[in-house]
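Have the viewer open as you read.

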Amino acid sequence: MNRLVVFFVALMSAFCSYGQSPKPAIEIKVLDSKVTDNSLVTVVLMNNSNDTYWFPWDISELAYVASVGSTYENQVYVLRQRVYNDKAHIDEPTLMSGDYDSEGLLKKWNEKLATKKVTDYVVVKPKNFVQLRLPFKVVQKLAPAWYSAKEKIKDGGYKYYVVYNYNAKAAEQVLSPTLLEEVEKLGYKIYHEPLISNKVPIVKK
């Protein structure tokens, strides 16, 4: 069975699993049955409403690395990726390495932001969905730290999931008024409710 077929089978299962209960306007689901460190994770964003929703997300590796240590940007531009300790029932912190070119990296990120338009972010139309491929790394190269789930991950012991909570204060700090005005002008809505996906096992390669 090729990847495209697997994707649509998983997607239909995702829609059908909510068939008998009231659906929120927006749902998010990890489609992979398992994930590995340093891989791309397939996530689907489903719009059950009659409105078009806009999410200020950038799913590139640059966005994740540049925003991890920020005060506001990591609350706006990226879906937060979590490593969940199934036994302890807590999220594990991920290691942030100091081996990086901070000046060059932030310059690239700011240059990218300067050219992005409303439609360069994630837009999901009514009764539709978008597929996202998120770069997942247990170790993010940004700043020194002394903890990591990397060496402790064992089959069945840790799970991956994504969350997003729209923070209006953070959005005001990093999104330009012009961009937000354009979002409103185009008739797009911003989703303010918390989003949380299903959890899937993290396995070693």
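## Aromatic pairs

W54 and Y121 are both buried, meaning under 20% relative accessible area with a 1.4 Å probe, protein chains only. In this predicted model, their ring centres sit 5.5 Å apart with planes at 75°, so the pair counts as edge-to-face. W54 is in strand β3 and Y121 in the loop between α3 (102-115) and β7, so the pair ties together parts 67 residues apart in sequence. F55 and W57 are buried too; with centres 4.5 Å apart and planes at 40°, their rings make a tilted pair.

Rings pair when their centres lie within 6.5 Å; planes under 30 degrees apart are stacked, over 60 edge-to-face, the rest tilted. Nine aromatic pairs turn up by this rule. Y53, F55, W57, Y164 and Y191 make up one aromatic cluster.

Numbering runs from 1 along each chain as its sequence is written, and side-chain values use heavy atoms, with hydrogens and water left out.

The protein chain averages a pLDDT of 83, and 77% of the residues score at least 70. Watch residues 141-147, where pLDDT stays under 50.

## What W57 touches

Counting heavy atoms within 4.5 Å as contact, and skipping residues up to four places away in sequence, W57 touches partners including I28, L45, Y121 and L195.

Terms used:
Predicted model: local features only at pLDDT ≥ 70, side-chain atom pairs only at ≥ 80, totals over all residues. pLDDT = per-residue confidence, 0-100. Phe/Tyr/Trp six-rings, centres within 6.5 Å; stacked < 30°, edge-to-face > 60°. Helix = DSSP H or I, 4+ residues; strand = E, 2+ residues; numbered from the N terminus. Buried < 20%, exposed > 50% of the residue type's maximum accessible area, 1.4 Å probe, protein only.
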